[in-house]
Amino acid sequence: MEKIYNNLSIENLIKTDWFNQFDGYQKEQIKWGLEENLDVSLYAKPEFNFWQMSEIKEGLRKNLNVSIYAKSEFDYNQMNEIRLGLENNLNVSIYAKDIFNWEQMREIRAGLKANVNISAYAKPEFSWAQLQQIVEGLKDNLNVSIYATTEFDCWQMMEIRLGLKNNLDVSIYAKKDFSDFQMNE
């Protein structure tokens, strides 16, 4: 508690009007950061809730470039996905955008972590489940362009992916209009 912040000890800082603008949970995050000698100015902002502050604080602990995700447009889960990517030295610029929800970010991160080229398919039009099928196909070195279209739902993508993986002729399935396809019993 010897830390001095803007010429105030922690004990004196917590008595200021500035500190009183935060709720109890936010105050705890700020105090913990000060006690750990972290630069709390990066997250001690009213627009960040407790969980967002926690993610930024965790990045600071790990000496990550938190400026990439210390933005109010990212929720806690999005911040978490970006932080995990930074921890793994991934190119988070591909998905550190508020156009992606955290689940999409998770799937893009999984592709990057698997060292597959997901950048061509990192589009917000794909749901997380569609992205998952694309990543799985890329991991298996499949020609995902056959099914990587928003016109296929994730279940259709999975069926085509599994067909490709098993060396089946998927041309009959990889049609955008299944209405003329009938199952033979």
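**Aromatic contacts and overall fold**

Phe22 counts as buried, because its relative accessibility is 3% (buried means under 20% relative accessible area, exposed over 50%, partly exposed in between; 1.4 Å probe, protein chains only). Trp18, at 31% relative accessibility, counts as partly exposed. The model is predicted: local features need pLDDT of at least 70, side-chain atom pairs count only at pLDDT 80 or more, and totals for chains, interfaces and linings use all residues. Residues are numbered from 1 along each chain as its sequence is written, and side-chain values use heavy atoms, with hydrogens and water left out.

A pair of aromatic rings is described by the distance of the centres and the angle of the planes. Rings of Phe, Tyr and Trp (its six-membered ring) pair if their centres lie within 6.5 Å; planes under 30 degrees apart count as stacked, over 60 as edge-to-face and the rest as tilted. This rule gives five aromatic pairs. Trp18 and Phe22 are edge-to-face, because their ring centres are 5.3 Å apart and their planes stand at 75°. One aromatic cluster is formed by Tyr25, Phe50, Trp51 and Tyr76.

Arg106 lies over the face of Trp128, 5.1 Å from the ring centre (criterion: NZ of Lys or CZ of Arg within 6 Å of the ring centre and within 35 degrees of the ring normal).

The protein has eight helices and two strands (DSSP runs: helices H or I, at least four residues; strands E, at least two; numbered from the N terminus). Along the sequence the pattern is β-β-α-α-α-α-α-α-α-α. Of the 185 residues, 42% count as buried.
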